[in-house]
Amino acid sequence: MLISYWWVAPALVAFIAALFVLNGLVSLFRGHWVTGPLKLIGGGAVLAAAAAAVLLAQNIQTYARLTHERPVATIQLRQLAPQYFEVTVIQPPLTAGGQARSAMYPVNGDDWRIEAQVLKWKPWANVLGLDTQYRLDRLSGRYQNIEQERTGARSVHALSGGDPAKGQILGVEMPWNFTVWYGAKRYRRYVDAVDTLYGGATYMPMADGARYEVWITQSGLIARPANDAARNASAGGRVSVR
């Protein structure tokens, strides 16, 4: 969050400098032609430096917000037959003290693919603490061969999860269904804070015993190998699509 010494300290200095400038103006009105200008010049210089420091600190915070990411799911794989896997999707708790959710799905193909609906904020909204929001949508299989993708056995499963469906205040769920997600979708024409609403996805190769971590970032979903089986299958790379 922006509340940190990176900008609080310069802001305090700027406030004190503003008092010096105000005192210099009062001195000028009272006819103190020497001390008044000196206070104005000194206070103005400190005020300008403090303002520059505050802007720099906010810029640093912008980079911090834009690189912020959080876990979406852990994907664990067990091979049942050629091009046929049992995929376990483990979603982390949505709130402190909550329970992780786990479900298993049969998936055909060479790759697993997870999709989500993504709400991306504009950079200035990221600075204010609004992070990219998501709703998990589907888990499916994907063949690397195009012809097999057309004719092979298909598998797709509905997923549910992501940012809470109902509003929360201080961790307490409210009875009405009004969230930042809901408000941004409905009133985006009136509030210029939403960058885009889109479908995002990421996919990785399936291998027996492989485990992957899926994360949501300010630009969408990404997946990372989490053990040697996954790294060997994916050559350490990651694939994300929008």
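Colleague: Leaving aside its neighbours within four places in sequence, which residues is S140 in contact with?

Modeller: Contact means heavy atoms within 4.5 Å. By that rule S140 touches V107, D111, W112, R113, E115, S155 and V156, once neighbours within four places in sequence are left aside. S140 belongs to strand 5 (residues 133-142); helices (H or I, at least four residues) and strands (E, at least two) are DSSP runs, numbered from the N terminus. This is a predicted model, where local features need pLDDT of at least 70 and side-chain atom pairs count only at pLDDT 80 or more, while totals for chains, interfaces and linings use all residues. Residues are numbered from 1 along each chain as its sequence is written, and side-chain values use heavy atoms, with hydrogens and water left out.

Colleague: Is S140 buried or exposed?

Modeller: Buried means under 20% relative accessible area, exposed over 50%, and partly exposed in between (1.4 Å probe, protein chains only). S140 has 8%, so it counts as buried.

Colleague: How many salt bridges are there?

Modeller: A salt bridge is a side-chain nitrogen of Lys or Arg within 4 Å of a carboxyl oxygen of Asp or Glu. The count here is 8. One of them joins D195 and K120, at 3.1 Å from N to O. This pair links distant parts of the chain, 75 residues apart: D195 is in strand 9 (residues 194-205) and K120 in strand 4 (residues 111-121). K120 is buried at 15%, whereas D195 is partly exposed at 35%.

Colleague: Where do E147 and R150 lie?

Modeller: Both are in helix 4 (residues 146-151), 3 residues apart, which is about one turn of the helix. R150 is exposed at 61%, and E147 is partly exposed at 45%.

Colleague: What sits over the ring of Y203?

Modeller: A charge sits over a ring if NZ of Lys or CZ of Arg is within 6 Å of the ring centre and within 35 degrees of the ring normal. Here the charged end of R142 lies over the Y203 ring, 4.0 Å from its centre.

Colleague: What about the phi of Q83?

Modeller: Most residues other than glycine have a negative phi. Q83 is not a glycine, yet its phi is positive, about 55°. You can find Q83 in the loop between strand 1 (69-81) and strand 2 (84-91). With 27% relative accessibility, Q83 is partly exposed.
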